[in-house]
Amino acid sequence: MPRLPDTSPQTLKVFGALLAEPAGWRYGYDLSRETGLASGTLYPILIRLAERDLVETRWEPPAQPGRPPRHVYRLTADGVAHAQERLAAAKPSPVKPSAARAPLGAEPMGARS
Amino acid sequence: MSPAGAGRADNGGSRAGNRLVKRVARAVLTRAAGNSVWGQAIVAELDEVRGTWAIVRWTAGGLRVGWQQSASPARRAVLATAGAAAVMVLASQFVVGVRYMASGAMQPTVRVDSRLVIDRIGFKLTGPRHGELFALRLSGVDGKRITTVSRLIGLPGDRIECRDGAVHRNGAALSEPYLLAGTKTDCEPHVVASETVYVLGDHRVTAVDSRSRGDISIDDLVGRVVVIL
């Protein structure tokens with residue numbers, strides 16, 4: 001189990017799909033196809049994110065009469081920030097010199113008198 | 001009589017099966033959803049889902065979500081019953097199908113307006129055999145796929161040719177008592193390719209079969225005809 005919430009690969013896939021078009025409302029079935037997640041996996045994620053106000057939902061009236069209205073989803077402003085942060089954190093970071101470490105070529109440890 | 005006696009046994013056979021699956025799926029999911037917004041959201045997407053198997057998977061996922069979200073044992077009992085009934089109906093669709101014979105391609109063996117019971121699974125275990133009747137998919141002239149019923153004449157490796165109006169398989173004339181008296185068959189000599197079969201409709205004059213459409217891929221065999229009603 002991931003230690004932090006929202007770091008599972010499936011959740012990250014959902015973030016990725018929603019971030020692709022942050023202002024647009026997305027259909028559930030389209031998200032399922034884009035992320036490759038089955039409905040039984042996708043919807044619990046959406047439900048959780050909606051409960052935490054990271055995703056907003058609404059019913060969209062049908063394109064044709066006689067069809068049911070469809071439920072659509074998009075990231076809230078908080079959700080966008082959160083998703084970007086989680087996705088960035090998940091990328092393996094390139095090796096780079098950090099301020100806390102001695103720069104290469106410095107005196108070897110224990111050599112200081 | 002449709003042009004070229006196109007053996008449209010039953011385009012509706014597989015579509016009817018698909019429609020049944022979708023109806024069952026919608027009924028099950030609607031019942032399972034109850035008043036839940038998310039349950040209804042999942043049902044609403046069902047119209048977009050294409051393909052029998054995809055419908056089954058979407059429904060299974062929806063039931064699982066309903067189960068996870070449900071608060072009461074009564075609710076869970078409803079879901080369990082709905083799920084079990086759905087599985088039974090859908091499984092039976094995959095095992096046995098009923099098709100409607102709309103063309104004369106198989107006369108006199110199968111009359112127009114007959115119904116056929118098709119074994120969709122069992123024949124995959126035994127493999128298709130000479131002389132058996134199969135519901136199968138043909139690519140239509142305009143690129144659309146049609147479903148028809150035909151008799152299996154050649155298995156991979158068989159040499160099929162027509163001499164003096166009779167069908168010969170591997171050098172020997174076939175005895176075909178099911179044909180109308182006086183029927184003559186004309187075909188190009190041919191060795192059946194691997195993973196394919198050669199089929200002929202019994203009503204040789206009008207049937208659209210391997211003579212015009214070539215060898216049929218074994219994957220395009222939908223099921224073996226078990227009963228003619």
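Contact here means heavy atoms within 4.5 Å of each other. By that rule, 20 residues of chain A and 19 residues of chain B take part. The model is predicted: local features need pLDDT of at least 70 and side-chain atom pairs pLDDT 80 or more, while totals for chains, interfaces and linings use all residues. Residues are numbered from 1 along each chain as its sequence is written, and side-chain values use heavy atoms, without hydrogens and water.

Buried area is the accessible area (1.4 Å probe) that two parts lose on being put together, summed over both. Chains A and B bury about 1,700 Å² between them, 64% of it on carbon and sulfur atoms. Of the area that chain A buries against chain B, 35% comes from A:Tyr29, A:Tyr43 and A:Ile47, more than from any other three residues.

A salt bridge is a side-chain nitrogen of Lys or Arg within 4 Å of a carboxyl oxygen of Asp or Glu.

| Item | Value |
|---|---|
| Salt bridges across the interface of chain A and chain B | four |
| Closest N and O atoms, B:Glu48 and A:Arg70 salt bridge | 3.5 Å |

Helices (H or I, at least four residues) and strands (E, at least two) are DSSP runs, numbered from the N terminus. On the side of chain A that touches chain B, α3(A) gives the most, with eight residues.

Helix α2 (residues 28-35) of chain A has A:Gly28, A:Tyr29, A:Leu31, A:Ser32 and A:Thr35 as its buried residues (under 20% relative accessible area, 1.4 Å probe, protein chains only). Seen down the axis of α2(A), they fall within an arc of 160 degrees, so they line one face of the helix; the arc is that of the directions from the helix axis to the C-beta atoms. Their cover includes α3 (39-51) of chain A and α3 (52-69) of chain B.

Key
Chains lettered and ligands numbered in written order. Buried < 20%, exposed > 50% of the residue type's maximum accessible area, 1.4 Å probe, protein only.
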